[in-house]
Amino acid sequence: MIKTVLITGGTSGIGLAAAKIFFEHNFNVTIVGRNVERGRAALKILGVDERRLFFIAGDVSNAAECDRIVADTVTRFGRLDALITCAGLYTDGDIRSVDEPTFDRIIGTNVKGTFFMSRAAVNALEKTRGSIVTVASDVGIKGNYFCALYAASKGAVVAFTKSLALELAHIPIRVNCVAPGDVLTPMTIDQLKRSGESVDDLSSVYPMRRIATAEEVAEAIYFLSSERASFITGAILSVDGGLTA
């Protein structure tokens with residue numbers, strides 16, 4: 001039986017890189033994103049194969065949408081073996097600049113989306129003894145200047161992952177988290193444009209003197225989802241070139 005992975009935020013960045021790796025390892029792959037055009041473009045990058053690839057347009061900040069996304073995936077492929085919650089939004093700035101709509105948008109995607117996608121997937125994952133991998137951030141572990149809202153959202157993902165891992169260990173559904181530092185993705189490029197910094201500026205604070213590629217983070221995600229990590233649950237795997245060390 002071919003296994004199935006569901007990846008939110010799968011149309012770009014870490015999510016798309018993860019989709020490539022799972023597809024190469026012969027998984028059926030569902031990718032989720034809000035933008036239909038970006039979804040179609042992602043399918044072309046992956047290599048359109050109606051038997052093994054599926055794009056769902058959806059908003060993970062809506063609990064009913066999360067239920068629909070999981071149901072549509074199971075209807076399409078007959079099973080679910082792994083959930084990867086890559087959908088995430090970034091914001092920075094002084095706390096005094098954060099308004100309520102921004103707060104709701106960041107928490108809605110990063111925290112609510114992770115929570116309700118996981119809730120929606122549990123019944124299907126129980127049948128396959130599958131796993132969940134969430135995506136947090138180095139700032140969810142150590143904090144940083146001028147990104148209190150984003151750090152709060154990713155810190156919540158870290159705490160959620162550990163708690164859910166304990167809750168589901170007896171099933172067993174494994175629940176783990178990757179916590180990247182800066183990654184060379186479209187979101188990071190946008191961040192740099194706003195700040196006037198360069199990739200070299202960003203790299204200078206890392207012990208390894210560079211930032212990660214999306215593929216490096218995706219490899220960690222795949223490992224945590226695989227049988228090679230069969231006795232790992234509740235782990236927060238830093239993929240940050242030593243930044244949090």
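The model is predicted: local features need pLDDT of at least 70, side-chain atom pairs count only at pLDDT 80 or more, and totals for chains, interfaces and linings use all residues. Residues are numbered from 1 along each chain as its sequence is written, and side-chain values use heavy atoms, without hydrogens and water.

**Helix 3 and helix 4**
- Helix 3 contributes Ala63, Cys66, Asp67, Ile69, Val70 and Val74 to the contact (heavy atoms within 4.5 Å).
- Helix 4 contributes Gly113, Phe116, Met117, Arg119, Ala120, Ala121 and Ala124.
- The contact residues divide into 10 nonpolar, one polar and two charged (Ala, Val, Leu, Ile, Met, Phe, Trp, Tyr, Cys and Pro are nonpolar; Asp, Glu, Lys and Arg are charged; the others, Gly among them, are polar).

**Ser118**
- Ser118 sits in helix 4.
- Ser118 counts as buried because its relative accessibility is 1% (buried means under 20% relative accessible area, with a 1.4 Å probe and protein chains only).
- Leaving out residues up to four places away in sequence, Ser118 touches Leu83, Ile132, Phe160 and Leu164.

**Second largest pocket**
- The lining of the second largest pocket has 21 residues (a pocket is an open set of points on a 1 Å grid over the protein atoms alone, where a 1.4 Å probe fits, with protein on both sides within 12 Å along at least five of seven lines; lining residues have an atom within 4 Å of a point).
- Arg129, Gly130, Arg174, Ser225 and Glu227 lie nearest its centre.
- Eight lining residues are nonpolar, seven polar and six charged.

Definitions and conventions. Helices (H or I, at least four residues) and strands (E, at least two) are DSSP runs, numbered from the N terminus. Buried means under 20% relative accessible area, exposed over 50%, partly exposed in between (1.4 Å probe, protein chains only).
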